[in-house]
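Please keep the sequence and the coordinates in view while reading.

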Amino acid sequence: MASLDPTDFMDVASLLDSEERQTQRSVGRWVDQRVLPLIGQAFDEHRFPSELVPEMAEMGLFGCNLEGYECAGLNNVTYGLVCQELERGDSGLRSFVSVQGSLCMWPIHAYGSAEQKERWLPGMARGEIVGCFGLTEPDGGSDPGAMNTRAKRDGDDWILNGAKMWITNGTIADLAIVWAESDEGVLGFIVEKGFQGYTSRDIAKKFSLRASVTSELFLDHVRVPEANRLPDAQGLRAPLSCLTQARFGIAWGAIGAATACLREALEFSNERVLFGRPISHTQTIQRRLADMTRRITNAQLLALQLGRLKDKGQMRPAQVSVAKWNNVRMALDIARDARDILGASGISIETSPIRHMLNLESVITYEGTETIHELAVGREITGFAAF
Ligand code: TGC
Ligand code: FAD
């Protein structure tokens, strides 16, 4: 009997329907053929591989779990599997898809006017229009309710002032979904590239997510027409609901990074002969590889149940918090351990665990730090907010 696949130990694939499996396979093949050969160098060059954007659009990956407006209308489990395959390549690619689909297309779809949806969504699905999401500010991202960016009515327009920090895709985006405090509470705006007073600048040197663009946004008396305000977005609930969508994808994506690390550690330890035997024949290496398998299996089952709940319309934000917290922590621990198993080779650009490890240091921070998710779960089970 063939050995069990360490990256699908409990045959989770058998719990997927044929469309889910087929999409995972085709995105996975694309990652093998198009992403893996170039991503190490792109990371080294601190370059987002924008040449892949039209190919991802062609596969229908942008906003793939949205209905209409040239979106693929796939279920949420399939969206999760797409994120998993992309992040097996690199967190930067999954980030691009998360921001485009969950943080920009989703709020336009959920909170936008009919005109806004027609104007923006098809072009975004085709990858011709790139979005970014501006919530975090320089004075602290965990508490967005304390944001300083202000929107003030001026006749039929709004005047926006403020700054946003750590914004994925900021300088390459054609539009920014900007969240601002106003006399009417928190409101969301579609700020277009070229609006006077709106500028962006790259955060040029990072140790993490080097194959992704991260930027600052500046809003200096930017005049935004009422037609660019998301009419149905009222209060902090609106941006937080976007985060729920993106965190869902991250909970799946992290599994991809972890499986890439396990595979590489397993291959290396089968080949590396020390003290007269492959290191995979030693007890401590086997225990570590077995532990990676156990943790990945748990994460897969958690993500799948989360996806099934989301597809039934029953997923709760605190459940997303458990999954994002658990799965990113799992992936980061596995990436660090795999890096160590590779010995000195593990610090080379030729190997992936160190790249995944460095990326996951961002992933564990963005979309709610680990602490924020622990406290979100704590609030759910005690009824008291300890933030
Ligand atoms: P709180 O009183 O809890 O909530 C205000 C209102 O929002 C509702 N709500 C949610 N709705 C949907 N999804 C969620 N996850 C929600 N969390 C809360 C809540 O019911 C309430 O509604 P209503 O109608 O009663 O007003 O607000 P709070 O100020 O106490 O904050 C709670 C806390 C700390 C959990 C929240 O501020 C938080 O999540 N902080 C972390 C911020 C964060 O994650 N930022 C991410 C920025 S975007 C990003 O990182 C993109 S990286 C993307 C990439 O490159 O992949
Ligand atoms: P802070 O909020 O200042 O937190 C600092 C520390 O305090 C953390 O360890 C935190 O866990 C801890 N802490 C916070 N509150 C408490 C508490 N109550 N009790 C105990 N400890 C606490 N944001 C966007 O809006 N859009 C984007 O596209 C985007 N992309 C990003 C891309 C990258 C590569 C990175 C790194 C970040 C990105 N972010 C983005 C920002 C991200 O969401 C924030 O970094 C994150 O929310 C944390 O905010 P902060 O960095 O200001 O840390």
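Which residues are the closest to ligand 1, and how many residues surround ligand 1? In this predicted model, ligand 1 is surrounded by 25 residues, of which S95, T244, R247, G368 and R379 are the closest. Several polar contacts can be located individually. A polar backbone atom of S142 lies 2.9 Å from a nitrogen atom of ligand 1, and a polar backbone atom of L240 lies 3.3 Å from a nitrogen atom of the ligand. A side chain also takes part: T168 places a polar side-chain atom 2.9 Å from an oxygen atom of ligand 1.

The backbone of L135 has an N or O atom 3.0 Å from an oxygen atom of ligand 2. For G141, a polar backbone atom is 2.7 Å from an oxygen atom of ligand 2, while for W166 a polar backbone atom is 2.7 Å from a nitrogen atom of the ligand.

W166 also deserves attention for its backbone. What is the value of phi at W166? It is near 65 degrees, a positive value in a residue other than glycine. Most residues other than glycine have a negative phi. W166 lies in strand β3, which covers residues 157-168. A second residue with a positive phi is L209, where the angle is near 45 degrees; L209, too, is not a glycine. L209 is placed in the loop that joins β6 (198-202) to β7 (214-225).

The wider arrangement of the chain may now be considered. The domain assignment divides the chain into domain 1 (12-125), domain 2 (131-234) and domain 3 (238-382). The centres of domain 1 and domain 2, taken over C-alpha atoms, are 23 Å apart. Contact between these two domains involves 27 residues of domain 1 and 26 residues of domain 2. Together they bury about 2100 Å², with 66% of this area on carbon and sulfur atoms. Of the area that domain 1 buries against domain 2, F43, H46 and Y111 supply 29%, more than any other three residues.

The side chains of R119 and E192 meet in a salt bridge with an N to O distance of 3.0 Å.

The largest share comes from α4, with twelve residues. By residue class, this side of domain 1 consists of 15 nonpolar, eight polar and four charged residues.

Conventions
Residues numbered from 1 in each chain as written. Chains lettered and ligands numbered in written order. Predicted model: local features only at pLDDT ≥ 70, side-chain atom pairs only at ≥ 80, totals over all residues. Heavy atoms only, no water. Domains from an automatic or database assignment. Contact = heavy atoms within 4.5 Å. Buried area = accessible area lost by both parts, 1.4 Å probe. Salt bridge = Lys/Arg side-chain N within 4 Å of Asp/Glu carboxyl O. Helix = DSSP H or I, 4+ residues; strand = E, 2+ residues; numbered from the N terminus. Nonpolar A, V, L, I, M, F, W, Y, C, P; charged D, E, K, R; others polar. Near = heavy atom within 4 Å. Polar contact = N/O pair within 3.5 Å; in protein donor to acceptor, adjacent residues only side chain to side chain.
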